[in-house]
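Here is a friendly briefing on a protein model, arranged by topic. Take a look at the structure, then follow the points below.

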Amino acid sequence: MSHGVRTQVSVTPQANEDIRRLDAATKNAVGDFVRRLRADRSNRALRLNLLREAGGNGRLFLASLDSSRMGLLLETEENRFSLLAVRAGPSPRDELARLTVEINAVSGGVELVDQSEVSANVVAMPTRPEPGPEPGATSEKPPVAETATAPAGAEAAASETAPAALPVPLFARYEDGELVGLGVIASLLPALRRITDSRQLSAVLSHNLPGLTREVLLALHDGMEPGEVRRFITDQWRADEAVDPRDWARAARRPVSQVSTEDAAVLDALGDSFDAWRLFLHPEQRRLATASFKGSSKVTGGPGTGKTVVALHRVRHLVAQLAPGQTRPVLLTTYNTNLAADLKERLNQLGGDALACRVDVKSVDQLAREVVEQHPSSVLGTPMGDEEAMALWHRACAETGVYDFDADFLDSEFKHVILAQNCGTERLYLRAERRGRGVLQRADRKQVWELAEKYRALLDGPPRHTTYALIADEAARIEEHRMAKAAEQARYKEEHGGLDLIHREAGSGMWLKPRYRHIVVDEAQDLSASHWRMLRAMVAPGPNDIFLVGDAHQRIYSHQVVLGRLGISTPGRASRRLTLNYRTTREILGSANGLVRGETFDNLDDGPDTLDGYRSVLTGLAPQYWRAPDWETEMRAIATLLKERHESYGTPYAAMAVSVPDKAAVTQLAYTLACKPFLIPASEIGREGPRDTDTVRIGTMHRFKGLEFQRVFLAGVCEGLIPHQRIEAFQLSSPDRYRQEEQRARSLLFVAATRARDELVMTWHGRASRYLPQHADRDACRATNLLTDDGPPSGSNAA
């Protein structure tokens, strides 16, 4: 039995990436080594050998994991190690020994670079002076051309005898101090000075470089100015205190240097089932997940920026602050049951039963329905779908003889004005604000109110029906009454010396209190005002009461609310934005951003929001464009591309999805895929999400929310379908409504496009949608060529 001292071991993000890339045998070897080191660092079987002193309070050790695998460790305090890197192969000792290890001047994290690997990918610059700008010189944009171009025309002959123009280093305009100040690791600077083209930069970045360095270099190369880099990248990584370049103990303890601070989680990281989101958070994500706020707080950000990850870690942090118990004082909610089920599963992965048993995870409509069902005086009718609701509005118009308003407008006015502002009387509706919805004269409002009253009467039946919007409104009313009663009882108790007055509580049978202590909301942009009224009444105003994440650019319904007017205030530092996309490549992201460029979006309150600084560090294929003469040809072309991706490149059918404009197109495309010669299995993405089978997923753009796939095909992206031609009728009659419908159509396309991880293909028949870039039609391949033997190869860039 060992009597050694138990040792603490953490894993750095770069070592974690090494582990994830290696085979199962290496992972097992690392896991076994970490267990033995934790148990007793004095065990000679560990074969820990001092490599060198790191300076200050750090020492570097080499450790033999087995005959062909080694690890590099940093010892910062007695019995405290950080695993920095893992290598396997013929010469792991040499590879680890040549690594440069240092403390980043900005983040304060422990980072390393393999200088020889980096240098091998950079062609050395000639020694004679170059014609480009001197280091530190300024220009409008950093040079992005691969090489300088030769003179043309009359000067060409003279240039034949002149020395060839030298390539300009990509980062020549930035001084060393500026790059280090932005977060670039200092030891990489000599190699950076020799990088002259994008190919070299990509090769350097393909190695396991520190995260901050990678982000800064890509942003500068893409044309982001240093001030923007500092705002959107550097400041998010910046350490909370001054960085001492020799204090390895402090550097190793910083969250940025660890994928986990818990030993059990470290061991999980070494297993085959590792999920990156479970353990490592970007510094800005970690700050938001663990910060303390005086009241409510809000996190916005584009698709793939990890908002849901932050929400889940926020829940874990809030639960960790609770006293032991069996109650569920934390609510985690989102806008539909499919996403709620996913949140519940991921929460279990993150913290197991110990975490899940203290949290209620429900969709906001499920929560509202439970509130109404549990209230003794409520009578809940059968909820109707959207199509049934539209039919009922048509019937209300017919029975009142008022045909001045279409069903879509009436349903929207009912949900987003009458219910949203709790207009219980005609008088209140006549005074209601309709910002962004155009002008509606008093006489028109009276007619709308008459139709709304008729609509309610028709819902009351028989048989009795209701809508999810009405259920949410009723739940909000119940919870507001309950909170008011609880507040009144609390005041009464305080006035009478804090005594529990049983006669006072007899009416409720218990002392009333808020349902929850903390509420965390995912996909906040798609909740209605009634939802927010209900949630506000379920938690008492106070520290860390409501934490919400969302993005108005992804709003696929018309639920635009001003949270501040509903008692949810997120001023100053309580409102933050994430800008780094972890899912989508830079090429796809750039194309997707163009779909919403020029539109104005809110920040889930009364302020503006933008995609400034929104970026990705992933690289891949440029989006593809295909045009067809008709829908039938387009469907067959999509089937051909899907089959090729599956058979030639090995992409599982379940990793591919096709978005179509409407439900009819879902059925038509599924039939085409199933028929000869394709015989491709396909399934519809329904209300509960995709089926768990090996099939291509087909769904409308609404159904793509919250999902992601390796390859995404956006079909039917043609004028008249996206946006639908019916909105053209509003261009003159209702300009405000026209703008709203345009923005919603753009957001839907934006959401669908950003579901793609590796490949995005957009197809259309007839005329391309006006939302696509101008070059799309020019660069598009012809679907008819794809279906003929003499057509161009279709998958040349699909690997």
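## Inside the protein

In this predicted model, the largest nonpolar core has 69 residues, and those with the most contacts inside it are Ile-519, Trp-532, Met-534, Leu-535, Leu-548 and Leu-714. A nonpolar core is a set of buried Ala, Val, Leu, Ile, Met, Phe, Trp, Tyr and Cys residues joined through side-chain atoms within 4.5 Å. Buried means under 20% relative accessible area, exposed means over 50%, and partly exposed is in between (1.4 Å probe, protein chains only).

- Helix α29 (residues 735-753) gives this core its largest share, seven residues. Helices (H or I, at least four residues) and strands (E, at least two) are DSSP runs, numbered from the N terminus.
- Apart from this core lies another, of 32 residues, among them Ala-191, Val-216, Leu-218 and Ala-219.
- In soluble globular proteins, nonpolar side chains tend to be buried together.
- What does Ile-519 touch, leaving aside its neighbours within four places in sequence? Ile-519 is in contact with Leu-331, Leu-535, Met-538, Val-539, Asp-545, Ile-546 and Phe-547, where contact means heavy atoms within 4.5 Å.

**How to read the model**

- This is a predicted model, in which local features need pLDDT of at least 70 and side-chain atom pairs count only at pLDDT 80 or more, while totals for chains, interfaces and linings use all residues. Residues are numbered from 1 along each chain as its sequence is written, and side-chain values use heavy atoms, with hydrogens and water left out.

**The whole chain**

- The protein chain has 31 helices and 26 strands.
- Of its 799 residues, 53% count as buried.
- Among contacts between residues at least 6 apart in sequence, 75% join residues at least 24 apart.

**The seven-stranded sheet**

- Seven strands form an open sheet in the order β22-β23-β21-β24-β25-β20-β26, and the pairing is parallel. Two strands pair if DSSP finds at least two bridges between them.
- At the edges are β22 (682-684) and β26 (781-782), each of which pairs on one side only.
- Four bridges link strand β21 (residues 656-660) with strand β24 (residues 709-714) in the parallel sense, and Ser-659 stands opposite Leu-714 in β24.
- Helix α26 (residues 631-649) lies across β20 (624-628), β21, β23 (696-700), β24 and β25 (756-765), and runs at about 155° to β25. Axes are lines fitted to C-alpha atoms, for helices over the stretch in contact, and angles run from 0 to 180 degrees between N-to-C directions.

**The five-stranded sheet**

- Another open sheet has five strands in the order β1-β5-β4-β3-β2, with mixed pairing.
- Its edges are β1 (8-11) and β2 (48-55); each has a single partner strand, so one side of each is left without a neighbour in the sheet.
- From one strand to the next, the twist averages 30°.
- Strands β4 (residues 69-77) and β5 (residues 80-88) run antiparallel and are joined by eight bridges; Leu-72 stands opposite Ala-85 in β5.
- Helix α2 (residues 24-39) lies across β1, β2, β3 (58-66), β4 and β5, at about 125° to β3.

**Helix α21**

- The buried residues of α21 include Trp-449, Leu-451 and Tyr-455. Its buried residues pack against α18 (386-400), α19 (407-419), α20 (426-430), β12 (465-466) and α22 (468-495).
- Just after α21, Gly-461 takes a positive phi of about 75°.

**Backbone details and cysteines**

- Most residues other than glycine have a negative phi, and most peptide bonds are trans.
- The peptide bond from Pro-462 to Pro-463 is cis, with omega near -10°, and Pro-463 sits in the loop between α21 and β12.
- Asn-79, in the loop between β4 and β5, has a positive phi of about 65°. Asn-79 counts as buried because its relative accessibility is 14%.
- Leu-679 also has a positive phi, near 55°, and is exposed, with a relative accessible area of 54%.
- The structure holds zero disulfides, a disulfide being a pair of cysteine sulfur atoms within 2.5 Å.
- Cys-718 counts as buried, at 2% relative accessibility.
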